[in-house]
Amino acid sequence: MRFLLALLALTTGMVSADGGLAVQNAWIREAPPGASMMAAYLTIDNGSDQDNALVGVSSPTFPRIMMHRSETVDGIARMQHVERIALPAHGSVELAPGGYHLMMATPDPQPVAGERVALTLHFADGGEQQVMAPVKKKP
Amino acid sequence: MFAAALLSACEPPQPPHLQQGTLLPSAKPVADFNLIDDKGESFTLKDLQGRWTFAFFGYTHCPDVCPTSLSMLAKVMARLRQEENLPSLPRGLFVSVDPARDTPATLANYVKYFDADFVGVTGKSQQLHTLTRQLGILYAKSGGDSADDYLIDHSAAIILFDPRGRFYALFNVPHDPDKIASDFMLIRNYYEASE
């Protein structure tokens, strides 16, 4: 536990001072018991004059977080792995159900509604931001 | 006026105007199939009969589209539970098109999380195909890092079976639980008047 706290403090300490990016409404969908995968969602506002991109997400709770995009074309739902999510200058990108999302294998013990999980977002310009994402039971 | 009323009473009921659903021009009988339910028991055409059934096709390794659709379907059920003129609630059926990874036990845990009355089924590829091809439901593996780590592209539509087990209507995305619940009541009234 002490190690985790230390890790958390370290991670928090690495948060960049880039005021141009604001991460909001982060949440993790609670998974059914035993479900192998979980998804997380959030909104990123890029208030700066520079284009940027989300290039990865890490967390002490989830060993591997992938970025995916769901889309339904001609009635077929598809999910694709993406390497980066573009964040245009003065734009806003929403990771939301049915679109971009973070996908991760469910850890043991499984995070349940009410818990909060630290996510660190890594950006193309080298910046990082940490958010605390509540686990929620909702669509 | 009396004659007009008599005439209209004799006319066949008109198909309802639906907000989200598409009614088949005529209910399509479904040939028998043999799947396995989340208790490990056989699930065939007979099990579709006697009640309306909403069916969604997906897989439990799907973290985004499938939970969203099943939560939405659970909301449809919650709306319909409040309907006083509905003698029995439709069945909510989740058909896993990933039998290699979705066992009956996995399915039971998964579907009951969304609604205690939901039923999960899966089956051998050939039997799944026997059902899906009759409904125009498509699915195929895609991507993935290894034999156990893959994604599945799948139809996102929700299929409605009538109490005779016939393919009666479908609901394409985007799904709105209020619209689907009110469409269902119109469809059911139309069915009752037509049969």
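**Figure 1. Contacts of Leu102(A) in the predicted model.** Leu102(A) touches Met38(A), Ala39(A), Ala40(A), Leu42(A), Val57(A), Ile65(A), Met66(A), Met67(A), Leu95(A) and Leu119(A), leaving aside residues up to four places away in sequence. A contact here means heavy atoms within 4.5 Å. The model is predicted, so local features need pLDDT of at least 70 and side-chain atom pairs count only at pLDDT 80 or more, while totals for chains, interfaces and linings use all residues. Residues are numbered from 1 along each chain as its sequence is written, chains are lettered from A and ligands numbered from 1 in the order in which they are written, and side-chain values use heavy atoms, with hydrogens and water left out.

**Figure 2. The largest nonpolar core.** This core holds 97 residues, and the members that touch the most others are Leu102(A), Leu119(A), Leu121(A) and Phe54(B). Its largest share, nine residues, is contributed by helix 2 (residues 65–81) of chain B. A nonpolar core is a set of buried Ala, Val, Leu, Ile, Met, Phe, Trp, Tyr and Cys residues joined through side-chain atoms within 4.5 Å. Buried denotes under 20% relative accessible area, exposed over 50%, and partly exposed the range in between (1.4 Å probe, protein chains only).

Figure 3. Asp64(B) is located in the loop between strand 4 (53–58) and helix 2 of chain B. Helices (H or I, at least four residues) and strands (E, at least two) are DSSP runs, numbered from the N terminus. Although buried, Asp64(B) has no salt bridge, and Arg29(A), the nearest side chain of opposite charge, is 4.1 Å away. A salt bridge requires a side-chain nitrogen of Lys or Arg within 4 Å of a carboxyl oxygen of Asp or Glu; Lys and Arg count as positive and Asp and Glu as negative, with His and the chain ends not counted. The side chains of Asp64(B) and Ser70(A) are joined by a polar contact of 2.6 Å. Such a contact is a pair of N or O atoms within 3.5 Å; within protein, one must be able to donate a hydrogen and the other to accept it, and residues adjacent in sequence count only if both atoms are side-chain atoms. Not counting residues up to four places away in sequence, the residues that Asp64(B) touches include Tyr41(A), Pro97(A) and His101(A).

Figure 4. Cys62(B) is buried at a relative accessible area of 3%, and Cys66(B) is buried at 0%. The count of disulfides over all chains is zero, where a disulfide is a pair of cysteine sulfur atoms within 2.5 Å.

**Figure 5. Cis peptide bonds.** The peptide bond from Asp108(A) to Pro109(A) is cis, with omega near 5°. Pro109(A) is in the loop between strand 8 (100–105) and strand 9 (116–123) of chain A. In chain B, the bond from Val173(B) to Pro174(B) is cis, with omega near -5°. Pro174(B) is in the loop between strand 10 (167–171) and helix 5 (177–194) of that chain.

**Figure 6. Positive phi angles in chain A.** Asn25(A), not a glycine, has a positive phi of about 50°. Asn25(A) belongs to strand 1 (residues 21–29) and is exposed, at 58% relative accessibility. Asp74(A), not a glycine, also has a positive phi of about 50°. Asp74(A) is in the loop between strand 4 (65–73) and strand 5 (76–81) and is exposed, with a relative accessible area of 76%.
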